[in-house]
Amino acid sequence: MEYVYAALLLHKMEKEVSEANISSVVKASGADVNEAQVKALVAALADVNIDEAVKAAPVAVAATAAAPAADAPAGDKAKKEEKPKDDGKTEEAAMEGLSSLFG
C-alpha cells in the first residue's frame, strides 16, 4: 500500500512516477523497499491516467460508504436498548483485580 501512496504523492507533487522516485519516497517514510513491487507498480501505472483513476475512486467509495451509514440510526437504537445499566459493581470488580496485580 505504501507504494501506491508514494505514487499518488509523486503525482500530486507533479513529479515523475518512476522506480527511483517511488523508492526514495518509501525509504523516506522509514519502510523497507521491495524493488519487485516498485517495478510492478510502475509497470502497472504506465498506461493509467492517474487523474482519471482518482476522479473515479470517490464514486465507488461513496457508494459503499452510504449503505452502512443509512443503517446506522436503527443500529444505534438497538445498541442503546441492549446496553445493561452500569451500577458501578463492574468498575469495583475491575479495580479489585488491578489491586491484586500491583499489591
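This is a predicted model: local features need pLDDT of at least 70, side-chain atom pairs count only at pLDDT 80 or more; totals for chains, interfaces and linings use all residues.
Colleague: How many helices and strands are in the chain?
Modeller: The chain has five helices and zero strands. Helices (H or I, at least four residues) and strands (E, at least two) are DSSP runs, numbered from the N terminus.

Colleague: And what share of the chain is buried?
Modeller: Of the 103 residues, 12% are buried. Buried means under 20% relative accessible area, exposed over 50%, and partly exposed in between, with a 1.4 Å probe and protein chains only.

Colleague: Which residues make up the largest nonpolar core?
Modeller: Nine residues: Tyr-3, Ala-6, Ala-7, Leu-10, Ile-22, Val-26, Val-38, Leu-41 and Val-42. A nonpolar core here is a set of buried Ala, Val, Leu, Ile, Met, Phe, Trp, Tyr and Cys residues joined through side-chain atoms within 4.5 Å.

Colleague: Which helix gives the most to this core?
Modeller: Helix 1, with four residues. Helix 1, helix 2 (19-29) and helix 3 each supply at least two.

Colleague: OK, Tyr-3. Buried or exposed?
Modeller: Tyr-3 is buried, at a relative accessible area of 7%. Tyr-3 lies in helix 1. Leaving aside neighbours within four places in sequence, Tyr-3 is in contact (heavy atoms within 4.5 Å) with Ile-22, Val-26, Asp-32, Val-33, Asn-34, Gln-37, Val-38 and Leu-41.

Colleague: How far apart are Tyr-3 and Val-42?
Modeller: They are 39 residues apart in sequence and 9.5 Å apart in space, C-alpha to C-alpha.

Colleague: What does Val-42 touch, then?
Modeller: Not counting residues up to four places away in sequence, Val-42 touches Val-17, Ser-18, Glu-19 and Ile-22.

Colleague: Switching to helix pairs. At what angle do helix 1 and helix 2 cross?
Modeller: At roughly 115°, and their axes come within 9 Å. Axes are lines fitted to C-alpha atoms, for helices over the stretch in contact, and angles run from 0 to 180 degrees between N-to-C directions. Helix 1 and helix 2 are therefore roughly perpendicular. The classes are roughly parallel under 35 degrees, roughly antiparallel over 145, roughly perpendicular from 65 to 115, and oblique for the rest.

Colleague: Which residues meet there?
Modeller: Glu-2, Tyr-3, Ala-6, Ala-7, Leu-9 and Leu-10 in helix 1 meet Asn-21, Ile-22, Val-25 and Val-26 in helix 2. By class, this contact has eight nonpolar, one polar and one charged residues. Ala, Val, Leu, Ile, Met, Phe, Trp, Tyr, Cys and Pro count as nonpolar, Asp, Glu, Lys and Arg as charged, and the others, Gly among them, as polar.

Colleague: And helix 1 with helix 3, at what angle do they pack?
Modeller: Helix 1 (residues 2-12) and helix 3 (residues 35-45) pack at about 50°, with axes 10 Å apart. That makes helix 1 oblique to helix 3. Tyr-3, Val-4 and Ala-7 meet Gln-37, Val-38, Leu-41 and Leu-45.

Colleague: Last pair: how do helix 2 and helix 3 pack?
Modeller: At an angle of about 130°, with axes 9 Å apart. That makes helix 2 oblique to helix 3. Glu-19, Ile-22 and Ser-23 of helix 2 make the contact with Glu-35, Val-38, Lys-39, Leu-41 and Val-42 of helix 3. The classes are four nonpolar, one polar and three charged.

Conventions:
Residues are numbered from 1 along each chain as its sequence is written. Side-chain values use heavy atoms; hydrogens and water are left out.
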